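Please open the model in your viewer and keep the selection panel at hand. The stops below can be followed in order.

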Amino acid sequence: ATTYSNCNCQINCGCQFNQPTSHGFCHFVMGGHIEKGYFNSTGLSGLNYASIFAFPGEIAEGNGRQLIIIDKNANSQQRVALQKILSGAARDPGSNHFSVFSSMCPEVLEPLYQPIEIEIDIAARTARLMVPDVIQSIGRPAINAFNGDPFHIAIARPSGSFEYTYAELGLGTTTVSGEMAMRFDSGYGQFCTIHYNQQGLVRAA
């Protein structure tokens, strides 16, 4: 899947560097487009998904809330499959970021089935994630304060990652409406490809 995430941390998000959050709590959204994928015999290619998380303190302390949003175009079998994947129930515990973050959320709201618009250009570090009446999020490159050019920074994780091996970094601005209402501006933006199987990360580019 091609993915975009935006949180309220600064561009040096503590999750990526084994450090605390920038502000002592974590709010974030993530979305993805599945180019090619299966859950057992259920095809998931072409579907979109999104999730919203809110942690009142550090993620490791738990007490989080989660809302899963599944592509309105998904049929009943696909909806069940995506809910299991996004809630972390489809894979070995702790094997991927869906499992890790969901395990820290004792409160999970009823999933929504909505049209999800998502456009991601990993190389350009741009993204647009829209869910009517729920999420409005725009990702963009950080800008070099010295010359006004896009500031290019990325993370390589050759080993030890449960999400990706390479991710482009930028900034994002998000507004969430409804039960999980939140807003953050110019927070950490992540643009990457993920590839998982039942045991976790296979590869990312």
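The model is predicted, so to speak by its source: local features need pLDDT of at least 70, side-chain atom pairs count only at pLDDT 80 or more, and totals for chains, interfaces and linings use all residues. Residues are numbered from 1 along each chain as its sequence is written, and side-chain values use heavy atoms, with hydrogens and water left out.

Begin by selecting Phe28, Leu44, Phe98 and Tyr188, which touch the most other members of the largest nonpolar core, a set of 34 residues. Such a core is a set of buried Ala, Val, Leu, Ile, Met, Phe, Trp, Tyr and Cys residues joined through side-chain atoms within 4.5 Å, where buried means under 20% relative accessible area with a 1.4 Å probe and protein chains only. Among the elements that each supply at least two residues of this core are strand 2 (26-33), helix 3 (97-102) and strand 16 (182-193), while helix 2 gives the largest share, four residues; helices (H or I, at least four residues) and strands (E, at least two) are DSSP runs numbered from the N terminus.

Next, select strand 15 (166-176), in which nine of the eleven residues are buried. Strand 15 runs antiparallel to strand 11 (residues 135-140), with six bridges, and to strand 16, with eight; strands pair if DSSP finds at least two bridges between them. To locate these pairings, pick Gly139 with its bridge partner Gly172, then Val176 with Met182. Finish in the hairpin of strand 15 and strand 16, where Gly178 takes a positive phi near 100°.

How values were computed
Buried means under 20% relative accessible area, exposed over 50%, partly exposed in between (1.4 Å probe, protein chains only).
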